[in-house]
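Morning, everyone. Let me put the structure up, and then we'll walk through it piece by piece.

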2 protein chains.
Amino acid sequence: MCELLGMSANVPTDICFSFSGLMVRGGQTAPHKDGFGVTFYEGKGSRTFKDALPSCESEIAKLIQSYPIKSVCVISHIRQANRGRVSLENTHPFSREMWGQNWTFAHNGQLKGVKKLTTDHFQPVGTTDSEHAFCWLMSQIKAKYPNKPPQDRKTLFRLVAKLAPTLHEMGVANFFLADGRYLFAHCSNNLHWLTRRAPFGVASLSDVEMTVDFQQETTPNDIVTVIATKPLTTNEDWYKMAPQEYQLFDLGEPIKL
Amino acid sequence: MCELLGMSANVPTDICFSFSGLMVRGGQTAPHKDGFGVTFYEGKGSRTFKDALPSCESEIAKLIQSYPIKSVCVISHIRQANRGRVSLENTHPFSREMWGQNWTFAHNGQLKGVKKLTTDHFQPVGTTDSEHAFCWLMSQIKAKYPNKPPQDRKTLFRLVAKLAPTLHEMGVANFFLADGRYLFAHCSNNLHWLTRRAPFGVASLSDVEMTVDFQQETTPNDIVTVIATKPLTTNEDWYKMAPQEYQLFDLGEPIKL
């Protein structure tokens, strides 16, 4: 199994606090020791930091925890390998360019038989079931909209919502798919989220002794949603998603599809 | 203008020494202050570290200089913006997946009219002439080999060599294109390389007071080629490429096409 962490915000926000909570689960408070990755969108661009080392030991993870990269959309993943060996090419998040936009995917769960799904425009580089699922999703989207996306981005994510059950039926498909502004989250069995907005309070991490007073770190207009496999804090109410529930986030807010 | 740095090696080798020489040119000994990026291939996987900050100030550049990531193929670039604003999406190297392999490109020079070249399978995310040239190159290759590469990788790079003059005629096309094992370098006006092999000696950087004794760092079988816009060391013989000369590197060795 693996763990997912996503963030959607209406102003560029750093993820140092949540990331610190997740990273200790990479080999210290939990056994997800087979690498980690995090993708930050900044404007139209994005950058992904990856390491096949346990995140609790990684120099790169240390940098990300201390260096506040500000983003409106972040996807992160720590891995406990089941399908595909421990290596950089099997480390999430995965990304591909479609219509001149960077698309990013991370997944928690196993998908039995996923490799029978055909991929066309997008081919896996590694051997994980997760990257195969991503390439299939992207190929399906591209087949429907070969040259440009539909005008309304919701139309696009409704297609993703229609494709998700195919993955869910193969096993466990907790996943994120993001285009840099929108973050789509699908739950098979384990995904939680919360939205922080004014009045902001104090939050305490569950995995490491760390507290942050968001009132000191934010302005009253900030809206930030954090989505994670398991709640990262002990003193906040996390919403637990139901099996086969999906949710689109845009600039920090959950929005209806 | 910008500066390029590439490395090809027969054993995974770190690039800390050469990278240290390049990074001070990012705003300190030279004016390439508009971001930097470096791609490391590790097995089938790759990871790219990017920052839109000057490399001489970047926390990420500091990490790369001190943290020895070992790779047989590296591409790096520091940017002085001319086409396209200073932003992450305009920061080299650029990458795309083709046939389940990660392809990486970095470019030095301006290409007038390049945006008239059609891109098909691959679309630019940013606004640089460089990324457009990359998408055009990749689209041309994909059009010729839509489903899988030719059996002999040399056949593929011969196609790149045939396409390069189109870019050269538009201005200056010093560029690298790599697939993780092979590194193709094309020179329009400014590109140098050298191959280090036993007996190894001492090298001194030109831009910063730093010396390395490669005999301490290597085994007798190591072969490492470094390719750079301008020679990075003062006491070694760098080969200066001629206009429109290209060279393919495989596991540290220059090979004939």
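At what angle do helix α1 (residues 16-23) of chain B and helix α2 (residues 59-66) of chain B pack, and how far apart are their axes? The angle is about 150°, and the axes are 8 Å apart. Hold that thought while I cover the ground rules.

This is a predicted model: local features need pLDDT of at least 70, side-chain atom pairs count only at pLDDT 80 or more, and totals for chains, interfaces and linings use all residues. Residues are numbered from 1 along each chain as its sequence is written, while chains are lettered from A and ligands numbered from 1 in the order in which they are written. Helices (H or I, at least four residues) and strands (E, at least two) are DSSP runs, numbered from the N terminus.

Back to the helix pair. Axes are lines fitted to C-alpha atoms, for helices over the stretch in contact, and angles run from 0 to 180 degrees between N-to-C directions. Angles over 145 degrees count as roughly antiparallel, and α1(B) and α2(B) are therefore roughly antiparallel to each other. Who meets whom? From α1(B) come Cys16(B), Phe19(B), Ser20(B) and Met23(B); from α2(B), Ala61(B), Ile64(B) and Gln65(B). Contact means C-beta atoms, placed from the backbone, within 7 Å. These residues divide into five nonpolar, two polar and no charged. For the classes, Ala, Val, Leu, Ile, Met, Phe, Trp, Tyr, Cys and Pro are nonpolar, Asp, Glu, Lys and Arg are charged, and the others, Gly among them, are polar.

Now the sheet in chain A. Seven strands form an open sheet, in the order β3-β2-β4-β1-β12-β9-β13, with antiparallel pairing. Pairing needs at least two DSSP bridges between two strands. The edges are β3 and β13 (239-240) of chain A, each pairing on one side only. Strand β1 (residues 3-13) of chain A is joined to β4 (residues 71-78) of chain A by seven bridges. One detail there: Leu4(A) has His77(A) as its bridge partner in β4(A).

Helix α1(A) packs on that sheet. It touches β1, β2 (36-42), β4 and β12 (223-228) of chain A, and its direction makes about 175° with that of β1(A). α2(A) lies across β2 and β3 of chain A, at about 135° to β3(A).

How covered is α1(A)? Six of its eight residues are buried. Buried means 20 or more other C-beta atoms within 10 Å of the residue's own; 12 or fewer is exposed, and in between is partly exposed. The buried set is Phe17(A), Ser18(A), Phe19(A), Gly21(A), Leu22(A) and Met23(A).

Compare Met210(B), in the loop between β10 (202-204) and β11 (211-213) of chain B. With 15 C-beta neighbours inside 10 Å, Met210(B) counts as partly exposed. Leaving out residues up to four places away in sequence, Met210(B) touches Phe17(B), Ser20(B) and Leu205(B).

Last, the interface. 24 residues of chain A contact 24 residues of chain B. On the chain A side, β3 (45-51), α2 (59-66), β5 (94-98) and β6 (101-108) each supply at least two residues. β3(A) gives the largest share, three. By class, that side has seven nonpolar, nine polar and eight charged residues.

How values were computed. Contact = placed C-beta atoms within 7 Å. Parallel < 35°, antiparallel > 145°, perpendicular 65-115°, else oblique.
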